[in-house]
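Please describe how the parts of this protein model meet, both within a chain and between chains.

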Amino acid sequence: MSLNQLTISAARDALRKGEVTSVEITESCLSAIDGADALNAYCAKTPEIALAQAKAADARIKAGDAPAMCGIPLGIKDLFCTKGVATQAASKILAGFKPEYESTVTQNLWDAGAVMLGKVSMDEFAMGSSTETACYGPAVNPWKIDDRQLTPGGSSGGSAAAVAADLCLAATGTDTGGSIRQPAAFTGIVGIKPTYGRVSRWGVVAFASSLDQAGPMTKTVRDAAIMLGAMASVDPKDSTSVEIPVPDFEAALTGDIRGKKIGIPREYRIEGMPEEIGKLWDEGTAMLRDAGAEIVEISLPHTKYALPAYYVIAPAEASSNLARYDGVRYGYRAKLGAGDGIVEMYEKTRAEGFGPEVQRRIMIGTYVLSAGFYDAYYNRARRVRALIKRDFDQVFAAGVDAILTPATPSSAFGLGEMADASPVEMYLNDVFTVTVNLAGLPGISVPVGLDAKGLPMGLQLIGRPWGEGDLLNHALVLERAAGFTHKPSKWW
Amino acid sequence: MSIDIDTARKVAHLARIAVAEENLPKLAQDLSGILTFMEQLNEVDVEGVEPMTSVTPMRLKRREDVVTDGGYAEKILKNAPDAREGFFAVPKVVE
């Protein structure tokens, strides 16, 4: 096994025992990255920063008392502002943008001694489920079953491809409607979206502020617990960061879920769901039952309306958030013709700078917020959102500890295969994950099996608000029972 | 609800995104498709339900209204496509 294949927990233990140095692990990752250009996972490589941080981490470890993430090399989603390092959110409109500040999440990671290998690819402004909306071309799934190239999912597809192909020990992701959990499922890794307000959004390029949360994408559940602990903080710079102390998530991993109540929501058995996904869900249910949990059927009656509510609320917030890209303060400005005024500057800059999906969402958002439609669409969607949250509140009040669902309606699809699909067909990828964002809950995707084609499939566990520790413990039990140890064979 | 070409033109302008006249029919069709999908929300009985403002039951934090940051105009201007003499430069706005 080469060092880039290590998990965070194994690397941490080896680093502390002095069996390996961060510089050695970092160099191993850097060479793996250089040999994996075919995956297009990294959009910016930062080897100088990585080696400098690794050296500093080694010194800190030698001095004793280094935090768990000290010396661990990571990929950072291109949505996080990183000081002096290109931060483009996969959009032409942020071409050349180098932030003068560091996001709270990445600062927390650097303070803990983590190492930045580079920025990883994503869908433009995190709007997409395949990384095909990225201005620098799609990332490629390291899983391959025929001559087609498959998507690693999206929007955190570069993160997922990088983790699955061992181009880092772990990566940061962000999740607005499923953007951590769907790519994790498509690539056979673990991804957790924490409770809304657990992780600071400060310095993360905004998509839909009431839904966005950052989280870790890792090789194991234990790694997710370790890394989430380092990413999370109470942050005065984010007014929606909730003042609840960050617990030791790893300490919650007891592997014991006897007597816990697991809800199986009947509304998630959707029409047209592949038989394999249903079978996987049943197997996962049996695994938790065998571990001593009590299985109960539950109802989340407004599930069906989550997707349309999401596709009103998220674009509405996006249209406001993305109004800042006007060609004045940062990024791209269109070349203007003689006589062009400021309105032409805005309109040309935004037409040339934003890709088609981002433009579509901005315009949908503009429409649902416009006079005469605000009540009919936006306010109605926010009412439905309140009902979706109430569904979950009632289930948790009835004593359910965690909810088990499929993570995605299919395994990874081929790049380009959805090119002729309507925008709405692409949105269906989020069907099992958006409810969690709308209700502000923590959700985790765990790899559980391979489908008949040989591609990874994941299951999602949904937890109580602020119950990430307990949720991760359930995920650990599922991970152990599933024993998913498959890795993509190297073709790149 | 279907969106006609005039509405598509208006929305594009409100969003400050230039859309060529020949691309408006496709845009109108895409937007109509998405809005039709959203029509499902009309089936839900939302009588007496307050629109959600915050997913976590919390009051937004407040801080003292004091200056805690600033004084670095050059950093603010550093990423500007056109900055001159300490200002953002834009095409002429007032005749």
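In this predicted model, the domain assignment divides chain A into domain 1 (3–256) and domain 2 (306–378), and the centres of domain 1 of chain A and domain 2 of chain A, taken over C-alpha atoms, are separated by 28 Å. The contact draws on 20 residues from domain 1 of chain A and 21 residues from domain 2 of chain A. On the side of domain 1 of chain A that touches domain 2 of chain A there are eleven nonpolar, seven polar and two charged residues.

Chain A also meets chain B, with 67 residues of chain A in contact with 51 residues of chain B. Of the area that chain A buries against chain B, A:E100, A:M363 and A:R380 supply 13%, more than any other three residues.

The two interfaces are set out below.

| Interface | Buried area | Share on carbon and sulfur atoms | Salt bridges | Residue pairs in polar contact (both at pLDDT 80 or more) |
|---|---|---|---|---|
| Chain A and chain B | about 5,000 Å² | 71% | three salt bridges | 15 residue pairs |
| Domain 1 of chain A and domain 2 of chain A | about 1,700 Å² | 65% | zero salt bridges | ten residue pairs |

Between the chains, A:K304 forms a salt bridge with B:E43, in which the closest N and O atoms are 3.3 Å apart. The elements that give two or more residues to the side of chain A that touches chain B include helix 9 (306–321), helix 10 (342–353) and helix 11 (356–369) of chain A, while helix 12 of chain A provides the largest share, eleven residues. By class, that side of chain A divides into 35 nonpolar, 13 polar and 19 charged residues.

Key
Residues are numbered from 1 along each chain as its sequence is written. Chains are lettered from A and ligands numbered from 1 in the order in which they are written. This is a predicted model: local features need pLDDT of at least 70, side-chain atom pairs count only at pLDDT 80 or more; totals for chains, interfaces and linings use all residues. Side-chain values use heavy atoms; hydrogens and water are left out. Contact means heavy atoms within 4.5 Å. Buried area is the accessible area (1.4 Å probe) that two parts lose on being put together, summed over both. A salt bridge is a side-chain nitrogen of Lys or Arg within 4 Å of a carboxyl oxygen of Asp or Glu. A polar contact is a pair of N or O atoms within 3.5 Å; within protein, one must be able to donate a hydrogen and the other to accept it, and residues adjacent in sequence count only if both atoms are side-chain atoms. Helices (H or I, at least four residues) and strands (E, at least two) are DSSP runs, numbered from the N terminus. Ala, Val, Leu, Ile, Met, Phe, Trp, Tyr, Cys and Pro count as nonpolar, Asp, Glu, Lys and Arg as charged, and the others, Gly among them, as polar. Domain bounds come from an automatic or database domain assignment.
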